[in-house]
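Biologist: Morning. Can you walk me through this one? I'll ask as we go.

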6 protein chains.
Amino acid sequence: MKLIEYDDASPEVREVYDDIRRTRNTDYINHLWKVIAVHPPTLKRTWEEVKAIMGAPGSLDSLTRELIYIAVSVTNNCEYCIGSHSAAARAKGMDEAMFGELMEIVALANKTNRLAIGYRVELDERYK
Amino acid sequence: MKLIEYDDASPEVREVYDDIRRTRNTDYINHLWKVIAVHPPTLKRTWEEVKAIMGAPGSLDSLTRELIYIAVSVTNNCEYCIGSHSAAARAKGMDEAMFGELMEIVALANKTNRLAIGYRVELDERYK
Amino acid sequence: MKLIEYDDASPEVREVYDDIRRTRNTDYINHLWKVIAVHPPTLKRTWEEVKAIMGAPGSLDSLTRELIYIAVSVTNNCEYCIGSHSAAARAKGMDEAMFGELMEIVALANKTNRLAIGYRVELDERYK
Amino acid sequence: MKLIEYDDASPEVREVYDDIRRTRNTDYINHLWKVIAVHPPTLKRTWEEVKAIMGAPGSLDSLTRELIYIAVSVTNNCEYCIGSHSAAARAKGMDEAMFGELMEIVALANKTNRLAIGYRVELDERYK
Amino acid sequence: MKLIEYDDASPEVREVYDDIRRTRNTDYINHLWKVIAVHPPTLKRTWEEVKAIMGAPGSLDSLTRELIYIAVSVTNNCEYCIGSHSAAARAKGMDEAMFGELMEIVALANKTNRLAIGYRVELDERYK
Amino acid sequence: MKLIEYDDASPEVREVYDDIRRTRNTDYINHLWKVIAVHPPTLKRTWEEVKAIMGAPGSLDSLTRELIYIAVSVTNNCEYCIGSHSAAARAKGMDEAMFGELMEIVALANKTNRLAIGYRVELDERYK
């Protein structure tokens, strides 16, 4: 795994790193950013998207957004994403009970998804 | 799709249908239950699990649970589950803006999951 | 959906259709074959693989093979494959109870897979 | 990975551990249970479900159930589940040849699922 | 499915529609855009991303990009995406033989992915 | 992980190893083959399929085939396949910029797949 450190980064990459630090109020840049920095347009676009979708004001609170993110990451089996977003969720208030409930809902949905698919259940008229 | 209607159901199946009606305060039994009723142990176990995990008191509110459920169902492409749980979420207060934000987070997580996987990013020591 | 019918097929495609008919002891060629026949190497290779893996003598009986096939197809949400292999399994002896048990195992595994993934459970030394 | 050992467990968790030991006729509690014990309702519900679906008498024999379980776990890429259920299947009689055939069917189904999906094959009238 | 038509669209949405038309040199706005227009930030961000990633100059030619897109969409079973991007690929030069080869590679990779996963093959030192 | 080395292999397995070496013009046999050699029919069939689909003359060039293969493997999260086929692609000319673009397209498609699925977008008449 090749990490692009700040000192070796181009001005374009540094600008994104600076914005991550300002926005998150931390000096730490986590691995994902330092790895995808090898392709600066991906770094810039992905960071701007994450910043807007996970951080901008909206109807869903910040913790709920993290829970949704984890639900997807567990379903897709992305170990990095589960680890990093579980940390983010804990920083935003997720306790053990909430994590436990989240896991049960994710597991349940993965189960009932397959019951609906395997039995080829058609959507009720009233839900269309 | 074969639906087991109340009048044709065994006492065991009727008992579950009655509990669904009581719990949800509605006469309507949606297709999933009427289809899996062909195998009564699945009906009973799944309903009891859904009732406990989606409905019992806990740390996550009822709407948040539905949002998590939808996030999984979209990732797995379960049309039935997206349709029925979007209806449930709307009944619990999800408006267009919330659905729009939910979809953006689900889409974003599916994207960044693959960036982390494709670049084989290792988890930061501090997130372990 | 473009179906290549026997009368319009090249000799190469006809040879595969003939082998399907002989092997399955039926005149009926199902849609999958008639569609992928547009690319004859896919038709030939896939049929030979299906014939060998699903039909040749081995340690697993013919019905068990179909159950495994359905388990994968439900997990992947392949409607065509669920439909056609459920028919095949029924022809080989799968009754309603077996299908019901199959669906419960598939649903359960999809659930516990996510518990193991979400909780990042490491494999026990003795199972390595 | 935090493991809840018997000596540190609540009575509620111990009861499940005791039942696992009795049912499986072994002293060993594998990691999955010790990890999800952090959220006792998940432990209890999941164990009861596994016990009933994988262990109770039914139409499918015990080894066939494990094969189906492995098929799903490989498709979902759950390393823990592949490892632990392959061990269980071996204990129930799966030999190398059976594992080899299982893998070929799982691989084949994952392949043909995508042919059916990519070519957008519609289900034959007779399979509906 | 609710489609936001140009005449009913807000200035913000119209601006994106205008850019789609200019960029693609067509009057036709396909369904995806008209549906996600219900949440304008998703429309704007997604269009700008698609425009840059699928359309801007780069190392991969335009047809190769579409083939990669289809490969992902078939693996994920996204019917809409398979249909719309197959049309796009055909417009950029994909013929029947290329589509046939694409499908075979996608199917093969889905197969061998599961062989590597099921047999738990560790990466060769030289590929790390 | 049990590797079947050439010296311990049956004549049937050796024949495949010899063909891999001849075809790829290298002495190195990578792990996948040495592992699945435990079940010789899988080894033989899979190698012949890979040889034909990835190596035979056709409409898609050899590098494009590898890019498609990687796109599927990232979507499925197959670490072995990503590692081995990224190496193969590099040997065939993939540079950092191409890999970066490939990852962005794969990530984008995984994102828009879920937008189309979550919003339940129906295919435009003209793409059918």
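Biologist: How far apart do the C-alpha centres of domain 1 and domain 2 of chain A lie?
Modeller: They lie 26 Å apart. Domain 1 covers 1-56 and domain 2 covers 59-128. The bounds come from an automatic or database domain assignment.

Biologist: What kind of model is it, and how do I read the labels?
Modeller: It is a predicted model, where local features need pLDDT of at least 70, side-chain atom pairs count only at pLDDT 80 or more, and totals for chains, interfaces and linings use all residues. Residues are numbered from 1 along each chain as its sequence is written, and chains are lettered from A and ligands numbered from 1 in the order in which they are written.

Biologist: Now chains F and E. How many residues does each give to the contact?
Modeller: Chain F gives 53 residues and chain E gives 53 residues. Contact means that C-beta atoms, placed from the backbone, lie within 7 Å.

Biologist: Which helix of chain F gives the most to that side?
Modeller: α6(F), with 15 residues. Helices here are DSSP runs of H or I, at least four residues, numbered from the N terminus.

Biologist: And how do the residues on that side of chain F divide?
Modeller: Into 30 nonpolar, 14 polar and nine charged. Nonpolar means Ala, Val, Leu, Ile, Met, Phe, Trp, Tyr, Cys and Pro; charged means Asp, Glu, Lys and Arg; the others, Gly among them, are polar.

Biologist: New topic. Is F:W47 buried or exposed?
Modeller: Buried, because 20 other C-beta atoms lie within 10 Å. The cut-off for buried is 20 or more; exposed is 12 or fewer, and partly exposed is in between, with C-beta atoms placed from the backbone.

Biologist: Where does F:W47 lie, and what is F:W47 in contact with?
Modeller: F:W47 lies in helix α3 of chain F. Leaving aside neighbours within four places in sequence, F:W47 is in contact with F:V16, F:D19, F:I20 and F:W33.

Biologist: How far apart are F:W47 and F:V16?
Modeller: They are 31 residues apart in sequence and 7.5 Å apart in space, C-alpha to C-alpha.

Conventions:
Contact = placed C-beta atoms within 7 Å. Helix = DSSP H or I, 4+ residues; strand = E, 2+ residues; numbered from the N terminus.
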